[in-house]
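My entries follow in the order I made them.

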Amino acid sequence: MHIRKIAAFAFGLSLAVLPNAHAASDFPHYWDGREHVSKPDLTTVERIRFMTTVDYPPFNFIDSTGRISGFNVDLVRAICDELGVTAICQIEARPWNELQPTLENGEAEAIIAGLKPTAVLREKYNFTAPYIRLPARFMTLKNTPLREPLANALENKTVGVIAGSVHQAILADYFPQAHWVGYPSRDLMFKDLQAKKVDAIFGDGSDLSFWIGSPDAKNCCAFAGGPYVAPQFLGDGMTIATTLANSKLVEAFNFALKAMEEKGTISELYLRYFPVDFY
């Protein structure tokens, strides 16, 4: 079933209100404070419609009231507020395979749904700077943590990882001496960690953060070591895409993203949707 939910009303009636106090977080800075990003003139722009999906929580999903929600949705609201263009902002959800055609035929101005900026796509789209990266992390039982340096700590340890995943490739490249076991599913891997059949798990930090805070984890586990951004494996991070003809919008979005980073807005959004900090 095709999903078409235009949510312009969400901008006019319920712009997200963020707290003034900056919550403690290790959320990284993506902008050099000395870098100047100019705010382009958007007075001739009549509409800024963002396209997303609803199948990637907590970034994009349909909430209990039937509205488009998530980190990306609130980020769009904050960007439009920062640029003073809330009145012309909209966000619409469609299936993944409709996003690029919708952008290219002029029905929308931007995609915010985790579209990876590959070399091929950069030939026809402009991409903003990243607004969040999803690093790889180690997770262990709280009573058997791994100590830095991890290369030494992993000696004689067994690490669980999803078989054939990009995280298996990162683990093999970064820790070639580590002994790892490939799993067909995350649930089985988590159960084996709790049963002490493996000493650690290596995987997507955002996914692990939700499990750490879940009832199933029973407060058993915590992150070990630091985040591994690994751009050669994980890409440049999550960005916003526009057509090449809409380069002015990319400049505007980058201006807003930099300003919001300096104010702590993005960090606060991050902690709202990811209460267990995966950085």
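Predicted model: local features only at pLDDT ≥ 70, side-chain atom pairs only at ≥ 80, totals over all residues.

I started with a bridge: Phe-138 has Ala-224 of β13 as its bridge partner. Residues are numbered from 1 along each chain as its sequence is written, and side-chain values use heavy atoms, with hydrogens and water left out.

I then looked up how β9 pairs with β13 (residues 221-228). The two are antiparallel and share 5 bridges. Strands are DSSP runs of E with at least two residues, helices are runs of H or I with at least four, and both are numbered from the N terminus. Two strands pair if DSSP finds at least two bridges between them.

β9 also pairs with β12 (residues 200-204), again in the antiparallel sense, over 4 bridges. There, Arg-137 stands opposite Gly-203 of β12.

Is β9 buried or exposed? I found 6 of the 6 residues of β9 (residues 136-141) buried, so the strand is largely enclosed by the rest of the structure. Buried means under 20% relative accessible area, exposed over 50%, and partly exposed in between, with a 1.4 Å probe and protein chains only.

**The sheet β3-β4-β5**

Next I took the open sheet of 3 strands. Its order is β3-β4-β5, with antiparallel pairing. The edges are β3 (55-56) and β5 (68-69), each pairing on one side only. I found 2 bridges between β3 and β4 (residues 60-62). Asp-55 has Phe-61 of β4 as its bridge partner.

**Disulfides**

How many disulfides does the structure hold? I got 2. A disulfide here is a pair of cysteine sulfur atoms within 2.5 Å. Counting bonded cysteines along the chain, the pattern is 1-2, 3-4.

Cys-80 is joined to Cys-89, with an S to S distance of 2.0 Å. This link is left-handed, at -90 degrees about the S-S bond. I noted both ends as buried: Cys-80 has a relative accessible area of 1%, and Cys-89 has 2%.

Cys-220 and Cys-221 form a disulfide with sulfur atoms 2.3 Å apart. The torsion about their S-S bond is about -90 degrees, so this disulfide is left-handed. Cys-220 is buried at 15% relative accessible area. Cys-221 is buried at 3%.

**Phe-71**

I picked Phe-71, which lies in α2 (residues 71-83). Phe-71 is buried, with a relative accessible area of 0%. What does Phe-71 contact, leaving aside its neighbours within four places in sequence? The list is Pro-58, Phe-59, Tyr-131, Ile-132, Ile-266, Leu-269, Tyr-270, Tyr-273 and Phe-274. Contact means heavy atoms within 4.5 Å. Phe-71 and Tyr-270 are 199 residues apart in sequence, yet their C-alpha atoms are 7.3 Å apart.

**The cavity**

On a 1 Å grid over the protein atoms alone, a cavity is a set of points where a 1.4 Å probe fits but cannot get out; a pocket is an open set with protein on both sides within 12 Å along at least five of seven lines; lining residues have an atom within 4 Å of a point. Grid points are joined across faces, edges and corners, and a volume is the space filled by probe spheres set on the points.

By this rule I counted 1 cavity of 30 Å³ or more. The largest cavity holds about 40 Å³ of space. Its lining is Phe-27, Tyr-30, Trp-31, Pro-130, Tyr-131, Leu-257, Glu-261 and Ile-266. By class, that lining has 7 nonpolar, no polar and 1 charged residues. Ala, Val, Leu, Ile, Met, Phe, Trp, Tyr, Cys and Pro count as nonpolar, Asp, Glu, Lys and Arg as charged, and the others, Gly among them, as polar.

**The largest pocket**

My last entry is the largest pocket, with a volume of about 460 Å³. Of its 24 lining residues, the closest to its centre are Tyr-56, Leu-134, Asp-204, Leu-234 and Met-238.

Which helices each supply at least two residues of this lining? I found α5 (166-174), α7 (205-212) and α8 (231-234). α7 gives the most, with 3 residues. By class, the pocket lining has 14 nonpolar, 5 polar and 5 charged residues.
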